[in-house]
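Please read them with the structure open alongside.

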Amino acid sequence: MQPGKNKHDFNYILGLSITSLVLLVVLTGFFYTPYDPNKMDAALRNSPPSLLHLFGTDNFGRDILSRVMKGAGTTYIIAVSIVFVGASLGTIVGALTGYFGGWFDEAIMRLNDVLTSFPSILLALVFVSVFGPGSYNIILALGIIFVPSYARVVRSEFIVLKERDFVKNAKLMGAGNFRIMFVHILPNTGRVLIPSLLIGFNNAVLAEAGLSFLGLGVQPPQASLGRMLSEAQGYLLDSPWYAIAPGVMIILTVLGFSLISGGLANEK
Amino acid sequence: MKYTVKKFISLVVSLLFTSILTFAAFQVIPGDSALSALGIDATEEQLEEYREEMGLNKSLPVRYLNWLKNALRGDFGYSSQYRMQIKVSALIGDRLIVTAWLAVLSFLLIVAVSIPLGILSALKKNYILDSLITLVNQVFMSVPSFFLGMMITLVFGIILKWFTPGSYVNPWENFRLFLRFMIFPAAAVAIPRIAMVVKFLRSSLLREMELDYARTAKSKGMSNIRVLFRHVLKNALIPVITFLAMILADILAGAILVEQVFNLPGLGRLLVSSIANRDYAVVQAIILYSASVVIIINFFVDLIYQWIDPRVRTG
């Protein structure tokens, strides 16, 4: 059997399990955390993992499990918003350029090429240095930076699909360009769009973590995975568990989604 | 030849475009740069004099051309976070060496480890092993390089004591100690990218092995290993070169974060501290510099590419 040809291969199932587990933890975190994630307790500073505090406590005596649950929630909300901004703009750009083509397509794609050749974190840093740090600016900056990646995928699907018979039929029946683009063609791009949304989510999680790690993303006292790692860095010697919990959470998130998207992409 | 000229024109256009963008991005920031340079105690006359001297009264295109002219000569003015005492170019020069070393070391690590690993992983092919390789690769690709850096510090620095965290040595003081320290941040940058290259090279090799010429060679009785090394490898490496160039740009991004973890006095840390201190002259210079490096690398890769694979020129 060809590996990966089967959607239900081992890695795909593993990805689904990891993602369900991680999502369960994060969704629970919106309603319930074992302790108040921002409550400080001087008596409990830097205490190692125990039955009371499963992942230990940080330098202010805050429960790390609770902070990871809440912090991952913040990271997820930011990442989903980034994907939403990027994918909706990217879909529009990709649909227009792929469907109409011509000089407009040519110009936009050249711009895309230039933008994608730069590391996204560098572009995000330019944006942050101009507009200032903070969650909203991060969403806007990273959302815009990821537009080309979606535009490219949607565009290539549109170029293929616009020649198909069902589109020609719709045209014969008098459907307008915009109806054809968004009612007839767009629903058929899901096959490639969904894996790229998952990968986009991963990139957004990693980018948020990176920017918050540099102190330019989520601002304290709000917890996010990158923010926690940045705080944990100073306590690597005394309380290494502080860094491990949010780090493992990032890895599991990214791993789960990329295994799923790998499984989806192989199913053709 | 025509191809080279075309690529060269596109190189110049991209560089020009980047410089305009870098300049324009920082024009929308509110605030008076004369006021921030001289402080609020400055009189209106002093401010006016400063504006005149720095050419701040001129129109936007003229100011851009002046900035570009100075930038081409390597002059980016003075750094405001050091109270206008240090030239931006001097500030960047020192840091550049550290980042360049980090990039070169990680790139060498990536090439040295990922190409043998990629070939090895393509040689044997069965379902369980395939899944396992994919899984291990995905795990390493999912680790953010800065977290990896922290774990390397924890395991090799704090537990095993192979190096002392934060004990960076200047290359011109003691080059051997410098290299011994730099290998750890370089590993942090390299490991996730090694996984990417292995994945890419492996699928490129496997794809090539399915093509008619490889199957013909196999059906004539050549062993798998011989087919791979004699025929397939050359062709499979071509797309990997472009991928490695993309990785090189990506290393730059990884370096920004990893420098922070290992306390390296490189460009990335200078960039972050300049952003935090609103030292825009330095930010502009670093951005323009790194963007140009990425563009120029891509230009050379395109040239190498068409030299190796003539189909690019004609196709």
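1. Helices, as counted here, are DSSP runs of H or I with at least four residues, and strands are runs of E with at least two, both numbered from the N terminus. On that basis chain B holds 13 helices and zero strands. Please keep in mind throughout that this is a predicted model.

2. On the overall form of chain B, the C-alpha atoms fill a box of roughly 90 × 60 × 35 Å along the principal axes. Of its 315 residues, 43% count as buried, and the accessible surface of the chain comes to about 16700 Å², with 65% of that area belonging to carbon and sulfur atoms. Among the contacts in chain B between residues at least 6 apart in sequence, 71% join residues at least 24 apart.

3. The interface deserves a careful look. The size of an interface is often given as the accessible area lost when the parts come together. Chain B and chain A bury about 3600 Å² between them, and 82% of this lies on carbon and sulfur atoms. On the side of chain B that touches chain A, at least two residues each come from α1 (2-25), α6 (127-142), α7, α10 (224-262), α11 and α12 of chain B. The contact takes 41 residues from chain B and 41 residues from chain A. How many salt bridges does the rule find across the interface of chain B and chain A? The rule finds zero salt bridges there, whereas four residue pairs, both residues at pLDDT 80 or more, are in polar contact across the interface.

4. Over all chains, a search of the whole structure finds eight salt bridges. One of the pairs is E231(A) with R62(A), whose closest N and O atoms are 3.6 Å apart. This pair links distant parts of the chain, since E231(A) is in helix α10 (residues 225-232) of chain A and R62(A) in the loop between α1 and α2 (64-100), 169 residues apart. Both partners fall under the 20% cut-off for buried residues: E231(A) has a relative accessible area of 19%, and R62(A) has 5%.

5. A second pair in chain A is R155(A) with D105(A), whose side chains meet in a salt bridge at 2.7 Å, N to O. D105(A) is buried, at a relative accessible area of 9%.

6. In chain B, the side chains of R193(B) and D250(B) meet in a salt bridge at 2.8 Å, N to O. The pair links helix α8, which holds R193(B), to helix α10, which holds D250(B), across 57 residues. R193(B) is buried at 7% relative accessible area, while D250(B) is partly exposed at 25%. Returning to chain A, salt bridges that share partners join R62(A), R67(A), R227(A) and E231(A) into one network.

7. Most residues other than glycine have a negative phi. K161(B), in the loop between α7 (145-159) and α8 (175-209), has a positive phi of about 55° although it is not a glycine, and it counts as exposed at 62% relative accessibility. R278(B), in the loop between α11 (267-276) and α12 (280-308), has a positive phi near 55° and is exposed, with a relative accessible area of 52%.

Note on methods: Residues are numbered from 1 along each chain as its sequence is written. Chains are lettered from A and ligands numbered from 1 in the order in which they are written. This is a predicted model: local features need pLDDT of at least 70, side-chain atom pairs count only at pLDDT 80 or more; totals for chains, interfaces and linings use all residues. Side-chain values use heavy atoms; hydrogens and water are left out. Buried means under 20% relative accessible area, exposed over 50%, partly exposed in between (1.4 Å probe, protein chains only). Contact means heavy atoms within 4.5 Å. Buried area is the accessible area (1.4 Å probe) that two parts lose on being put together, summed over both. A salt bridge is a side-chain nitrogen of Lys or Arg within 4 Å of a carboxyl oxygen of Asp or Glu. A polar contact is a pair of N or O atoms within 3.5 Å; within protein, one must be able to donate a hydrogen and the other to accept it, and residues adjacent in sequence count only if both atoms are side-chain atoms. Accessible areas come from the Shrake-Rupley method with a 1.4 Å probe; for residues, only the protein chains shown count as cover.
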